[in-house]
Amino acid sequence: MTVSTTPVNLVEKANRYIEEHKEKVIQQYRNQYHVMAPVGWINDPNGFVYYKGEYHLFYQFYPYDSAWGPMHWGHVKSTDLVHWEDLPVALAPDQPYDRSGCFSGSAIVKDDALYLMYTGHVEEEGKTYQTQCIAVSTDGVHFEKLAQNPVITEKELGDNGSKHDFRDPKVMSHGGRYYSVIATKSTEDRGRILLFESENLVTWTFKSILLEGTKEQGIMWECPDLFHLDGHDVLIMSPIQWQTQDIAYTNISSTVAFIGKVDWDKGVFKVTSYQEIDSGMDFYAPQTCEDAAGRRLLIAWMQMWDRTLPTHDLGHHWAGSMTLPRELH
């Protein structure tokens, strides 16, 4: 006798859980204007994009507990950056290449469709392996992962970074081509941002090491974002263990803006200055988008690793939120 089984749809499972449990969330400390998950854990903002007249924001999400777990992508949208509407879960860890989590990434619009580029995270025998993947939507709500996934693997990475720490792609277009900046580290445990290029968002090639940090600038750089602003190129990222300098960089992990100019032919970022973006204790993994008015907007995770989480400790069934949006200059 044979027994057939239908695979569990993990996106539908997460959405059912949210509907069944969101009313159990204790509202005492819930914010009024900040983006929060309807239930469970939230961290990095992902896929911040302006699409069909609305702002879409995705986020790292674990619906089943108010503590970090296998990452999903939660999703909200807004017309004014003040009132946010919860949308169905966009991604769940349901494929061999992302079975331990759909880690952070970004979004871009191509041919009126919305593309998400994210890190597929796999934990195997005590080690992690990370690759880059694509999911596509024509309605901005329901997403299909590409059959070609993962689209950037150890093969494209080569010896330019660590396959165990290779994550957080920020995708963009420039000069008629697509580019993605991706975080990794060197063999000397220095933060490193890589640049990959593509003609179609599916087939990618390594272009260059865009920027590498010094020993004092952290053991790993996360969540890079590259954009042009007021005549300058800006590369922001969140380094781990950046060494404290007087009263600056006192966070466990910080967020830094490098200002300068990209040599697109060589794929090198020429730094003229850098600065910490926010000195507060709860600010990490910011991501930006450009809206129809040309504004460069930023949202970050309003929390920090290794910090207390009172709403988790008190059993309120939620933890974490996003900062209010900021316009950058």
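Strands here (E, at least two residues) and helices (H or I, at least four) are DSSP runs numbered from the N terminus.

The structure is a predicted model, in which local features need pLDDT of at least 70 and side-chain atom pairs count only at pLDDT 80 or more, while totals for chains, interfaces and linings use all residues. Residues are numbered from 1 along each chain as its sequence is written, and side-chain values use heavy atoms, with hydrogens and water left out.

**Strands and hairpins**

Strand 13 (residues 217–229) is mostly covered, with eleven of its 13 residues buried; buried means under 20% relative accessible area, exposed over 50%, and partly exposed in between, with a 1.4 Å probe and protein chains only. Leu229 stands opposite His232 in strand 14, and in the turn of this hairpin Asp230 has a positive phi of about 50°.

Strand 11 (residues 191–198) has eight of its eight residues buried. In a regular strand the side chains alternate between the two faces of the sheet. Both faces of strand 11 are covered, with Gly191, Ile193, Leu195 and Glu197 buried on one side and Arg192, Leu194, Phe196 and Ser198 buried on the other. Strand 11 pairs in the antiparallel sense with strand 10 (residues 177–185) over eight bridges, and also in the antiparallel sense with strand 12 (residues 204–212) over seven bridges. Gly191 is the bridge partner of Lys185, whereas Ile193 stands opposite Leu211 in strand 12.

| Hairpin | Residues between the strands | Turn residue and its positive phi |
|---|---|---|
| Strand 10 and strand 11 | five residues | Asp189, about 60° |
| Strand 11 and strand 12 | five residues | Leu201, near 75° |
| Strand 13 and strand 14 | two residues | Asp230, about 50° |

**Nonpolar cores**

A nonpolar core is a set of buried Ala, Val, Leu, Ile, Met, Phe, Trp, Tyr and Cys residues joined through side-chain atoms within 4.5 Å. Of the 24 residues in the largest nonpolar core, Phe48, Leu57, Tyr59, Trp84 and Met322 touch the most other members. Strand 2 (54–62) is among the elements that each supply at least two residues of this core, and strand 2 gives the most, with four residues. A second, separate core of 20 residues includes Tyr179, Tyr249, Val256 and Phe258.

**Pocket and cavity**

On a 1 Å grid over the protein atoms alone, a cavity is a set of points where a 1.4 Å probe fits but cannot get out, and a pocket is an open set with protein on both sides within 12 Å along at least five of seven lines; lining residues have an atom within 4 Å of a point. The largest pocket holds about 520 Å³ of space. Of the 24 residues that line this pocket, Met172, Ser173, Leu226, Glu290 and Arg296 are the closest to its centre. Strand 9 (167–174) gives the most to the lining of the largest pocket, with five residues.

The largest cavity has a volume of about 80 Å³, and of its 13 lining residues the closest to the centre are Gly105, Asp168, Cys223, Pro224 and Gln287. Strand 13 is one of the strands that each supply at least two residues of the cavity lining, and strand 13 likewise supplies at least two residues of the lining of the largest pocket.

Technical notes:
Pairing = 2+ DSSP bridges. Points joined across faces, edges and corners; volume = space filled by probe spheres on them.
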